[in-house]
Amino acid sequence: MALTLYVDTARWRAHHKHVQEQFPGLVPVCKGNGYGFGHERLAEEATRLGSDVLAVGTTYEAARIKDWFGGDLLVLTPYRRGEEPVPLPDRVIRSVSSIDGVYGLVGARVVIEVMSSMKRHGISEQDLPQLHAAIENVRLEGFAIHLPLDRTDGSDAVEEVIGWMDRLRAARLPLHTMFVSHLKADELVRLQQQFPQTRFRARIGTRLWLGDHEATEYRGAVLDVTRVAKGERFGYRQQKAASDGYLVVVAGGTSHGVGLEAPKALHGVMPRAKGVARAGLATVNRNLSPFVWGGKQRWFAEPPHMQVSILFVPSDAPEPKVGEELVAHLRHTTTQFDRLVDR
């Protein structure tokens with residue numbers, strides 16, 4: 001019995017097509033754990049879409065996925081001198097975010113990242129005069145800009161890209177291709193209209209693979225159910241049951257990513273208040289699990305184990321049966337399933 005990712009395949013692929021239609025020249029992104037689907041599966045789906053380029057996070061991911069995808073592979077992590085060399089085919093394109101990095105990739109295919117308001121990495125405006133000489137010994141595939149998701153200052157993403165297009169044009173650098181991230185479809189149209197000689201290619205991962213939340217669902221199988229009375233001790237730490245109910249052992253533990261959570265940026269009073277409440281409950285060993293039974297998310301009876309979780313279901317709820325499955329609200333990018341089922 002397993003933690004299973006169920007995929008409504010027809011609906012999922014219809015969403016891919018819809019995104020592809022909105023973003024002509026789309027470059028699918030497959031990094032990390034493959035957005036919960038795995039590298040091999042996303043390479044297959046990118047091929048099905050007819051993509052000529054697939055973006056990956058690291059050279060190690062490129063080495064793993066090269067046998068699953070026949071087109072070009074764009075490595076998003078910028079090259080740094082001294083990094084461990086990884087044998088890669090010529091169809092791999094490296095991202096570069098410094099003049100030194102360009103000089104270190106003589107003969108390679110490169111995309112040069114410019115510094116955006118993300119302030120993460122990229123070529124600065126002051127670097128542009130030095131780029132002419134640097135790019136003579138590489139095969140330049142284009143420039144790229146990685147934009148922030150939120151713009152709390154009210155600034156315009158399109159204007160930020162236009163600013164960089166103007167700087168690159170003024171520096172007389174080739175502008176045949178610009179790779180962009182985190183733009184809306186109408187924003188991409190505006191850019192393409194303003195710069196018809198440049199091909200804008202949107203690098204998209206989350207919106208492409210995870211944009212239709214109803215197309216996928218995690219479920220954990222019930223492995224065991226044990227009735228407990230109030231005050232009865234259980235588990236590794238021999239805690240007491242707070243009331244009568246059931247201890248439900250369900251597939252899905254820390255090795256799957258259950259109970260692990262990435263930090264989130266909270267905006268507004270209500271989300272912050274909920275965060276404080278969750279933190280307060282955790283101090284008294286009350287942690288809400290991602291598993292749903294009887295229409296409610298159920299509490300962990302104790303911290304999740306490596307491959308299973310133990311939940312507490314009160315006696316006023318229906319008794320789960322071995323073999324039944326509980327829906328689990330899990331984050332795709334931190335979850336590792338036992339099996340994937342297309343349906």
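Helices here are DSSP runs of H or I with at least four residues, numbered from the N terminus. The model on screen is predicted.

Eight of them form an open sheet in the order 2-9-8-7-6-5-4-3, with parallel pairing. Select 27-28 and 53-56 to see its edges: strand 2 and strand 3, each pairing on one side only.

**Strands 6 and 7.** Next, select residues 109-114 and 139-146. These are strand 6 and strand 7, which run parallel and are joined by six bridges. Pick V114 and look across to strand 7: its bridge partner there is I145.

**Helix 6.** Now select residues 157-170. This is helix 6, lying across strand 6, strand 7, strand 8 (177-181) and strand 9 (199-204). The 14 residues of helix 6 reach 20 Å from first C-alpha to last, close to the 20 Å expected at 1.5 Å a residue.

**Its two ends.** At the start, show the side chain of D156. One of its oxygens comes to within 2.8 Å of the backbone nitrogen of V158.

**The buried residues.** Which residues of helix 6 are buried? Select A157, V158, E160, V161, I162, G163, W164, M165 and L168. Residues three or four places apart on an α-helix point the same way, because each turn takes 3.6 residues. Finally, show what covers this buried set. The cover includes strands 6, 7, 8 and 9, along with helix 5 (128-134) and helix 7 (185-194).

How values were computed:
Residues numbered from 1 in each chain as written. Predicted model: local features only at pLDDT ≥ 70, side-chain atom pairs only at ≥ 80, totals over all residues. Heavy atoms only, no water. Pairing = 2+ DSSP bridges. Helix = DSSP H or I, 4+ residues; strand = E, 2+ residues; numbered from the N terminus. Contact = heavy atoms within 4.5 Å. Axes fitted to C-alpha atoms, helices over the stretch in contact; angles between N-to-C directions. Expected span 1.5 Å × (residues − 1). Buried < 20%, exposed > 50% of the residue type's maximum accessible area, 1.4 Å probe, protein only. Polar contact = N/O pair within 3.5 Å; in protein donor to acceptor, adjacent residues only side chain to side chain.
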